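Here's a quick tour for anyone meeting this structure for the very first time. Take a look at the view below, then read on.

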Amino acid sequence: MSKDMMPGFELFQPDTVDGAVDLLGRYGGEAWALAGGNDSLDWFKDRVKRPQYVVDLSGLDELRGIREMDDGGIEIGAMTTLTAIESSALIQERYSILSDSARRVASPQIRNASTIGGNVLQDTRCWYYRYGVDCYRAGGNECYADTPEGQNREHCLWGADRCIAVSPSDTAPALVALDARMVVRNADGDREIPAEEFFIGPDIDIERMTVLEPGDVLTAIRIPADWAGATFYFEKVADRNTWDFPLVNIAAAMVVEGDTVQSIRIVAGAVECIPRRLTAVEQAVTGQPKNEETAAVAGQTAIRGATPFNFNHFKIPLLQNLVTRAIRDA
Amino acid sequence: MAYDLIGTDFTPPDIEAKVTGRARYSEDFRRDGMIFLKLLTSPMPHARVTNIDASEALAMPGVHGILTADEVPNFPEPQDPILTNEPVYVGEPILAVAADTEELAADALERIRVDYEELPFTVDPLQSLFPGGPNARTNGNIADLRSGVDLQELKWTAADFAAVEEGQLPEGQPAGEWSYGDVDAGLADAALVLDETFVTCGNSHHCMEPRSAMAYWENGRCHLHASSQSQSFPVPTVARYIGISPEELVFIAEYCGGGFGSKGAGYPIMAVPALMSRKLNNRPVMMRIARNEEYSIGTARPGFQGRIRMGFGADGRVTAVDLYIVQENGPNQGFNDWQSAADAVSLVYTVPAMRFRGVPVLTNTPPRAPQRGPGQNQIAEAVEPLMDKAASELGVDRLAIRRINAPDSTARYGANQGGVTSAHLGDALDIGGEQFNWEERKARSGQRNGSKVTGLGIGTAYHSAGGSGFDGLVVLRPEGKLHIHTGVGNLGTYSHTGTSRAAAEALKCDWADCVVVRGDSRNHLPWNLGQFGSNTSFTMTRSNWAAAMDAVAKLKEIAAMDLGGEPDDYDIGDHRVFLKDNPEQGMSYQAAAERAIELGGKYSGHEVAEDLNPMTSAAAAGVAGTGLVGVAKDNMEHTGTVAALAAGFIEIELDLETGKYDIVDYLGVADCGTVIHPAGLETQVKGGAVMGFGLAVSERHIYDPQIGLPGNIGLQQSGPPSYLDTAATMTSAAVDIADPQNPIGAKGIGEPVQGCAAAALLSAISDALGGYYFNRTPVTADMIVNAASGQAQSHTPLQVNTA
């Protein structure tokens, strides 16, 4: 496999979103939308993904920025950098779970170039798949990780369906916890999709990780006012403290009145192909006192049904502990 | 002894170029007409190339040619080849294609059809040793040329593997063994015997600069810009790879973005652009090595599967050791880590009786080569935690158990139990214990703070640190400058300049009047040992001292000749040679240099001693007539092993719920003889520690045993420690006792400062976990989570390449 040298492609640099939508619609599956490039350029340089047409979204100023919405929520342009998000006073004040999660992505240099859209749309990091093997997700008929001696330490606890890869995003669990809406534009216009429904597993489509189809552009992410100023918890455990993907991460938004958890959304990353909303935990915690006992129940609840592979059963106590901490320490 | 230059900091002459980006590494060079090559590498762990059809690629406009294994010098197996028709690891170069642009070369590669016959492969030494197990090479499964183990097949009996299911290393027929003392009695009489099986992971080299190279031919000589941690030493080897004499090679290696042992000597891939250039009518050819290619051809540290039986007296004194190491040695010639590991154990714990057995087994993984502390640092990771375990079981303090076993200058070393030039590990432990405040701090061990628990650790490590018999070359120029020609490479430690200061010290020159000449073989550089093995400080201060002393002798002879008296009547100082009895009577270095040119012969470098290496003689001829030439071979006394030793002390706070920890504080103490360059030493101690942390906990080496694919082909996947994974505070200290066999008392230190830090961190993690010993490196977060939550580890005790 020849590496580190991109093959040729036709590059478009539109100056309007509609222009980008037009190009992506025109070339369909042959086109590739390029945001910060941290995922895309790896694929290109490895010559594993080889689009004929690349549509560079970096010139679209209307896709950048953090805006307050009339309903009290905020809208974040999909091309807003992670650095802008982690340093936004508005986000820090209202949705610190999001700025905290953005701050834990990769490294400062990468966050300077990476966008929120790219972070949630990035492909999985299964090393077999990234290597370029002909696995299910790459259109083949095999999963190399789900084998008797497969090296699957980073892989899933839930949702295995031929593919056992996980969502690598740190911001996606936070967005699902905040009940964010993903604004998608195509030739038919704009549509809003709840973040929870935006991500899809291999049971729905093994070659995609979101509902986006050729011709679609993620233009913005809207965060409703519902959870503004709530009690938040975000924690990521990775091998290294910077420039690494999560082994497991946890994002929780909760409203606590007195010592009682009135409402909560809690989401785990890197345990399934999608950010895993822990609804059973939410049910177990809602209306309960926010204390050690509830936290322990939450942790135990979170891991029910987890199905580990050869090298990833450590994720079960890790997830249990992170959920416990989210309730206990938030 | 008081020095003017030794022991003081200096501004390295190349630092401005490095920090401003003006420094040019091999990939930065351009030449008129330069074209690019790309490598076609094996997609399989072991295969035979049955056919190559490049016709379609060669028909592409702008594609200039291919270079195959049939067109390059070949060497007897299992030596590392340049290109091959029987690849033995994924990523091994099979052929190269050259084109106008790199993109075109990459496109051309995709048009070359290579047919392969798949062959058996293995990524696990024990699998290969099992009866009927696969061999990594067609002609055998064990080899280590450096240890005299030729390529051959070795299979153990099924009965040898009886205890594997219980997690114990099988101990079949070894390929090498030695012993001294009465091991059986030492173990029988011990108050405690630990019997432990362990695994240390292989580690890829991931120097910041990949091993790119550019070459062209001009006036019958091959000009090669290469990434090398050494300057003079690789020249004969690289010339052999290209198929020319050393005199026909111009070797330019002024800057190197890290080597860590992987670029110490010449390596085969350097020859590819040179050979392609020659095939294409001497046209300049750039070979840019990609990061993922670096993870295959860039070599790796061998991994160990080992078993140690270690006896202790009630006071913690080691009574005997029985050590067996199965070394994963890659598919080729490999390296002798297994032997060095055993030697290290004998010295670091002053073992009274020891038996060592081992076998270097070939696997279809990247070629193995030295990596910082090859063997010594792996064994420090394996054995140092066991010292803690013994201390715990015997009720002995963890510092005390190391102190009671620590070598001093009477210690014996290795299989032959030879002597050492000096050893002061006990002093290092004493200094560290005091500065780290061990007695007070150890009370914090196990202290809980919520989910966090404090762990304290100590680690020690060793590496041999010096050679002798190499040459020095200096020129006192008529304009008053001292030119110190050095064949020391630029591996990042500034030892090219640090060791040159020994010559300036000997000649009592102002540093401002000294010029370090290096970086390009056309600069008339002497024959030096390579910059590996922690040897440069000891070796090159000796050879530079020898050259300077030759210059001093010639200064005195010229003064006596012109001013009367005997040479011994004269002394030097203030850039003058003068009568001891009448310092007013003398001559300046400038005048002496001019006289040397007039006198010719040995004074001007036209005549040199016969014991010089031909490279040094040629270098002297190159500078002959430019001043007073001091040139000499280091013939000073050298008996025994030069022992560099180090001790590390660490405090961590480990979160039992996440497996993560913070390194609160780290102290490294070096026994490196006289400190030459304090800032350089501090950087070595701290930088080595950071690399050691990676060795201990984060650097991963992953292979799928079913398909032979590597799982770590990028920096993020391999996991060298990041800035945020290092210690909050780090300090360094030195024993600073002169080595008696070096004229300024210096010896090396680069390697043990890594091993001691790795061992200290492992020790602290086990301490925080209340005495949970992993017997395995790296100890990754998942392993700590498993340990803390009381569940089994994912790997079996002897499993490899799973980290």
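## Strands in chain A

In what sense do strand 4 of chain A and strand 5 of chain A pair? Strand 4 (residues 66-68) and strand 5 (residues 74-77) of chain A pair in the antiparallel sense, over 3 bridges. Strands here are DSSP runs of E with at least two residues, numbered from the N terminus, and two of them pair if DSSP finds at least two bridges between them. One bridge partner to look up is A:Ile74 in strand 5, which goes with A:Glu68. The two strands form a hairpin with 5 residues between them, and A:Gly72 in the turn has a positive phi of about 95 degrees.

Strand 5 of chain A also runs antiparallel to strand 8 (residues 217-223) of chain A, joined by 4 bridges. There, A:Gly77 has A:Ala220 as its bridge partner.

## How to read the model

This is a predicted model, where local features need pLDDT of at least 70, side-chain atom pairs count only at pLDDT 80 or more, and totals for chains, interfaces and linings use all residues. Residues are numbered from 1 along each chain as its sequence is written, while chains are lettered from A and ligands numbered from 1 in the order in which they are written.

## Where the chains meet

Across the interface, 31 residues of chain A are in contact with 40 residues of chain B (C-beta atoms, placed from the backbone, within 7 Å). Helix 13 (315-329) and helix 8 (127-131) of chain A each supply at least two residues to that side of chain A (helices are DSSP runs of H or I, at least four residues). Helix 13 gives the most, with 4 residues.

Terms used. Two residues are in contact if their C-beta atoms, placed from the backbone, lie within 7 Å.
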